[in-house]
Amino acid sequence: MKRLSYKTLEEMRYDGYLLKEAPERVLQFGEGNFLRAFADHFIDVLNEKADFRGKVVLVTPGGGGGRVLTAVNEQEGLYTLLLRGNENGEKVQTKRVISCVSRCLNPYGEYDAYMACAENPDLRFLISNTTEAGIRYDADCRFEDRPAASFPGKLTQFLYARYERFGQEKGKGFVILPCELIDDNGGQLAGCVMQYAKQWELGEDFCRWLREENFFCSTLVDRIVTGYPASEAEELCGQLGYRDEIMDAGEVFGFWVIEGPESLQEELPFGRAGLPVLVTKDHKPYKQRKVRILNGAHTSMVLGAYLAGRNIVRECMQDPVIRAFMEQTLYEEIIPTLTLPEQELTTFAKAVFDRFNNPYIDHELLAIALNSTSKWKARVLPSFAGYVKRCGTLPECITASLAFHIAFYRGNRLEETGLTGSRDGESYVIRDERFILEFFEAHKEDDPEALTAAVLAESRFWGEDLTAYAGLAEKVAGDLRMIEEEGAYALMRRCTLRRMTLVNWQKEDK
C-alpha cells in the first residue's frame, strides 16, 4: 500500500479539498495530536471556505518529534483526520485529509531553518501547545543558546529575530495564540517573554515593539482528541487506500475562544468559514462555563459512578439514574450559578451529554479520577459556594459528590503507586498528591462522622474550612453512611428521585 502523498491522492483521483502550494503564514510550536486535530483542522477549513491560503510550519518545541516529525515531512505535511461522535443523539463520523501543513522542524537540529522563518514577510500567526508546564520562565536560558531550553525563551529569540528584520515596519508583529491549559495563557506567556527581554538586555525599543506590534491572546480550547487510532489503523488504511503514519482522531465537538481585538475576525475569518471560534474581549466567562459544566460534571459524577459499578463515561450516560444525577447537577445546581445567558449554558450542557455518550471513545472513570481533590476544589467548589449563596440551602447532588469523593478515597493500604481502595471486593488505586493519600490512610478507621469532619476541615485540600457551611458536615456524613450501607447507586437514586419521577410522569402524560 502506498504512503499518503499528493501523488498518491492524484493517482487515486481523490476529489476532496487540497491546498498544495501557499505561503507559510502560521508557525506552530507543537506537532502533537491535539493541535493537528484542532487548530490545524480549523486552518484547513479556513483555506477551503474563506480563502485564507496559508500553510503551517510545525516546530517540535522539546526537540523531539520522532515518528511525527519524520512522517510529516515524508507525507508532505498531509495526514488524515477522523472526527467521530454524537450530534443531537445521532452518530457522526467524518474523514478529511488535512493539507494546511507544509513541513516540520526540530529547532535543536535545524536551528537556522527555524530562525529563518522569522524573516518570512507572510508569517503572521504563532500557535503553541507545549503542555501546562511549557509556559514557564527559566532564568538559566541564555540568548546565545541554539535554541533556549524553555518555550518562552525560544519564542523570545524568534521574536527578536523578527524585530531585527521588520521592526521598522507596521503590521509585521504576530498574533500569538497559546493553547496551553493554564489561566490567562496569553498574559502569562507575554510576561515570560518580557522577563527574557529584560534579562538578556534586548533594549527598550524591542520591548515597545513587543507591546505595540504583537497580540498575546489568551485562549480557551475544547476538543477531546484521542490521537492515532492504533487498534483500527490497518482497517482504516485499507478503507482509505493509502498508508498514513500520523492519522489523527478526535471528537466532532470543537470550540475555540480567543481573547483579542475585533480586527482578528478579519485576519482570521473563522465566522465566514462557519467554524466554532469566538473572538471576544473577555474569554473568562467561557472558561468558567467549560470548567464548571464540562469538567465539573465529570468531577461530580465519576467517583460515585465508579463506586456504583460503572467503568467508562458512556456507560454512565446510558444508565437512567446516573444520567439523571448529572442532569440535576448541571441544570439545577451548576447552571444557575453562572453568568452567561441561560439558553447559551443549557445548549452547551446538552452538547456535553452528546460528548459523554460518544460511541467512539472509551473514557475510563479511573483515568478521570486522577487528582480528584484539586479537581473538586477548582471545578465543583465554586458552584457549591455559588448555590449556597444564591439559594441559602445545600445543593443535593453536589453535596452527595463530596460524600462520593470521601468514600472513593477511603483506602486501606498506602503504597508507592497510590492508596489502594476496594469496590465490591476488587482493588483499585487512588492517585493524588502524597499528603492527601497519607491523610486518608491515617483516617481509614474513622467512622463516617469523624472522617467527614476531618476531611471538610482540612483547608489544605479546599483552601478553606468547609465545616463553616451550616449543616454540610452532618449532610455529607449521612450521605457517606448511606454509601457504606446501601451503596453509591442508592444515594444517586435518592438524590434524583424527584427529577426521575417528574420525567416518568411527563412520559406517561404524553
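A residue counts as buried when its relative accessible area is under 20%, as exposed when it is over 50%, and as partly exposed in between (1.4 Å probe, protein chains only). By that rule Lys 475 is partly exposed, with a relative accessible area of 24%, and Glu 396 is partly exposed at 28%.

This is a predicted model, in which local features need pLDDT of at least 70 and side-chain atom pairs count only at pLDDT 80 or more, while totals for chains, interfaces and linings use all residues. Residues are numbered from 1 along each chain as its sequence is written, and side-chain values use heavy atoms, leaving out hydrogens and water.

**Salt bridges**

Side chains of opposite charge can pair when their charged atoms come close. Here a salt bridge is a side-chain nitrogen of Lys or Arg within 4 Å of a carboxyl oxygen of Asp or Glu, and the count comes to 33. Let's look at a few of them:

| Pair | Closest N and O atoms |
|---|---|
| Lys 170 and Glu 213 | 3.3 Å |
| Asp 183 and Lys 287 | 3.2 Å |

Lys 170 sits in the loop between helix 6 (151–166) and strand 7 (175–178), and Glu 213 in helix 8 (residues 204–213), so their pair ties together parts 43 residues apart in sequence. Lys 170 is exposed at 68%, whereas Glu 213 is buried at 13%.

Asp 183 lies in the loop between strand 7 and helix 7 (185–199), and its partner Lys 287 belongs to helix 11 (residues 284–307), 104 residues apart. Lys 287 is partly exposed, at 22%.

Lys 475 is in helix 21 (residues 472–486) and Glu 396 in helix 17 (residues 396–408), so this pair ties together parts 79 residues apart.

Salt bridges can also join up: Arg 3, Glu 74, Arg 243 and Glu 245 are linked in a network.

**A sheet and its helix**

Two strands pair if DSSP finds at least two bridges between them. An open sheet of 3 strands has the order 13-14-15, with antiparallel pairing. Strand 13 is joined to strand 14 (residues 418–423) by 3 bridges; Glu 415 has Gly 418 in strand 14 as its bridge partner.

Helix 18 (residues 434–442) packs on this sheet and touches strands 13, 14 and 15, where contact means heavy atoms within 4.5 Å.

Definitions and conventions:
Helices (H or I, at least four residues) and strands (E, at least two) are DSSP runs, numbered from the N terminus. Axes are lines fitted to C-alpha atoms, for helices over the stretch in contact, and angles run from 0 to 180 degrees between N-to-C directions.
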